[in-house]
Amino acid sequence: MSKRGRNAPCHCGSGKKYKACCLRKDEELEVEKIIPSDNEPDHEHYEEEEYDEYGNDGYDEEEYDSSEQQEQEILDLLGLGDGDEYDEEMEAFWEEYEEMSYDKKVELFREKVSDSEWMDEEDMAFDMLNCIYVQMVKEKKSENFLELLSYFQEKHPHIYAEVEIYYIHWAIDIAIHQRDWEKVSSLVKEVLNHVEEEFDVWERLVDQIKYHVPTSILLKILQELQAKVEQIKKQDKEEGIEEDYLANRGVILNHDIVETMIFEFIESSDKKKDKKELWAKTYDYLEWEEEAFFENLSRFTNKSDKKWTLDYILTNKEEFSPSQREMEYQKRVRYFSVLFLKYLYQEKGISYPKGNLACFHLCEYVYAHQELYKKVQAKQKKKGKNKKKQPSQQTIDNILCPDEQTLNPFMTEIFGLLGEGTYATITLFECLPAWLEFLERHNLIDEKRRKETYESLKEMKESILELVSCSMDSEEIEERIEKAWR
């Protein structure tokens with residue numbers, strides 16, 4: 001989420017609170033955008049006319065005072081001016097506020113809500129609520145928090161609306177924690193009203209519901225979302241507006257819906273379900289040929305006795321053009337990942353939508369593994385870390401087996417600048433031990449390699465758990481990851 005409160009973790013990754021780290025620096029940068037720096041003189045004037053004929057240097061005391069006054073007015077406008085006394089008061093307030101109990105924070109916020117001048121202070125309401133939310137997560141007092149949000153919205157609808165998307169996302173976190181799927185569905189539709197401004201919230205949210213929500217309920221939510229997207233697109237068309245992002249979002253939603261329909265069909269205990277009827281339903285979202293549908297479905301429903309080897313996956317012993325080889329290699333990796341997806345569901349109890357989220361990124365990692373390795377080697381060489389006489393290894397001995405030095409940057413990229421890939425990152429990491437077991441089961445790595453890789457990757461666990469440390473579902477995610485990496 002791109003908005004950051006004073007008490008949120010700093011964006012620089014230091015682990016400190018924003019106010020105690022980069023807040024002042026960021027505020028100064030905002031001032032510099034408005035106030036010209038005194039260190040940037042007019043060079044032409046300075047070089048040609050340093051002094052006039054009377055020996056004056058051009059310094060005008062009245063003009064300087066006026067400029068200083070103007071700068072002070074801008075600082076006041078930004079809430080930074082005359083700043084020392086004000087800053088000290090605010091700092092004292094925040095120090096006292098943070099030490100309060102959850103109930104005291106809520107009580108004080110209710111008092112301040114009636115003070116319009118206080119609420120109009122930039123980000124004040126958000127920062128106070130963010131502080132309450134973090135403590136609410138620790139104490140799991142979600143009912144009180146939702147009441148507080150409703151009260152604030154009622155008293156200050158215009159201030160609430162400025163960052164409504166963040167409050168909705170908090171409410172979704174709570175609804176997921178309470179397993180209130182109907183509430184989740186209604187709140188997710190509200191997010192669509194902000195999807196263009198806050199794409200990171202949307203991307204994170206879709207992955208979050210795939211991670212938590214049962215398949216049948218997920219399908220219902222996705223279908224309702226698609227109906228909402230079509231409604232917005234229709235309204236925009238009537239007003240002569242064309243929104244590419246919503247159109248693209250609709251296409252992606254269609255694919256998500258079709259996949260989830262297939263997953264629900266596979267997970268269903270009713271073996272008499274009509275496959276042709278399923279194809280007809282999916283056709284409404286994805287106009288594909290019947291043959292293509294049944295081929296896709298068969299990958300999930302048919303048993304495979306194929307012996308998978310690295311040579312076969314890499315197409316090493318077959319004749320292909322370079323472009324054909326790459327396409328065939330990626331197709332085989334994807335087919336192999338479908339077997340892993342079934343393994344996750346049957347052996348680990350992981351739903352198909354959640355497992356598919358992990359498999360998608362696992363395939364992307366395998367495709368990029370060699371290039372990532374080359375980049376890591378190049379960086380190490382540049383830093384002088386590889387000083388062996390023999391040249392470093394330029395290829396990976398097993399492209400399917402992850403390693404920390406390439407997985408770390410890959411997962412950082414998935415996570416994204418704004419944390420939009422939080423749940424994709426968590427899901428991938430949670431499924432990695434099962435992937436190693438799966439590779440060993442197919443004799444693609446041996447037991448020693450599996451154990452060594454497991455121990456190496458396990459060191460990433462604490463940093464992964466930190467990604468959701470301030471979310472309502474943090475305890476549940478921690479339990480799942482601890483179980484997977486036990």
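Lys-451 and Glu-447 form a salt bridge whose closest N and O atoms are 3.0 Å apart, where a salt bridge is a side-chain nitrogen of Lys or Arg within 4 Å of a carboxyl oxygen of Asp or Glu. The model is predicted, so that local features need pLDDT of at least 70 and side-chain atom pairs count only at pLDDT 80 or more, while totals for chains, interfaces and linings use all residues. Residues are numbered from 1 along each chain as its sequence is written, and side-chain values use heavy atoms, with hydrogens and water left out. A search of the whole structure finds 19 salt bridges.

- Lys-451 and Glu-447 both lie in helix H22, 4 residues apart, which is about one turn of the helix; helices (H or I, at least four residues) are DSSP runs, numbered from the N terminus.
- Lys-451 counts as partly exposed at 44% relative accessibility, and Glu-447 is also given as partly exposed, at 41%, where buried means under 20% relative accessible area, exposed means over 50% and partly exposed lies in between (1.4 Å probe, protein chains only).

**Pairs that join separate parts of the chain**

- The side chains of Lys-354 and Glu-430 meet in a salt bridge, at 2.9 Å from N to O.
- Because Lys-354 lies in helix H19 (residues 352–382) and Glu-430 in helix H21 (residues 422–441), this pair ties together parts that are 76 residues apart in sequence.
- Lys-354 is buried, with a relative accessible area of 4%, and Glu-430 is buried as well, with a value of 7%.
- Arg-449 and Asp-397 have side chains that meet in a salt bridge, at 3.1 Å from N to O.
- This pair links distant parts of the chain, 52 residues apart, with Arg-449 in helix H22 (residues 447–458) and Asp-397 in the loop between H19 and helix H20 (404–415).
- Arg-449 is partly exposed, with a relative accessible area of 24%, whereas Asp-397 counts as exposed at 53% relative accessibility.

**A network and a charged patch**

- Glu-318, Glu-328, Lys-331 and Arg-332 are linked in a network of salt bridges.
- Asp-115, Glu-117, Asp-120 and Glu-162 gather in a patch of negative charge on the surface, a patch being made of residues with over 30% relative accessible area and no salt bridge, with like charges joined within 9 Å and nonpolar side chains (Val, Leu, Ile, Met, Phe, Trp, Tyr) within 5 Å.
- Glu-162, one of the residues of that patch, has its place in helix H9 (residues 157–162) and is exposed, with a relative accessible area of 63%.

Technical notes. Areas by Shrake-Rupley, 256 points an atom, 1.4 Å probe, with all protein chains shown as cover. Lys, Arg positive; Asp, Glu negative; His and termini not counted. Charge placed at Lys NZ, Arg CZ, Asp CG, Glu CD. Helix = DSSP H or I, 4+ residues; strand = E, 2+ residues; numbered from the N terminus.
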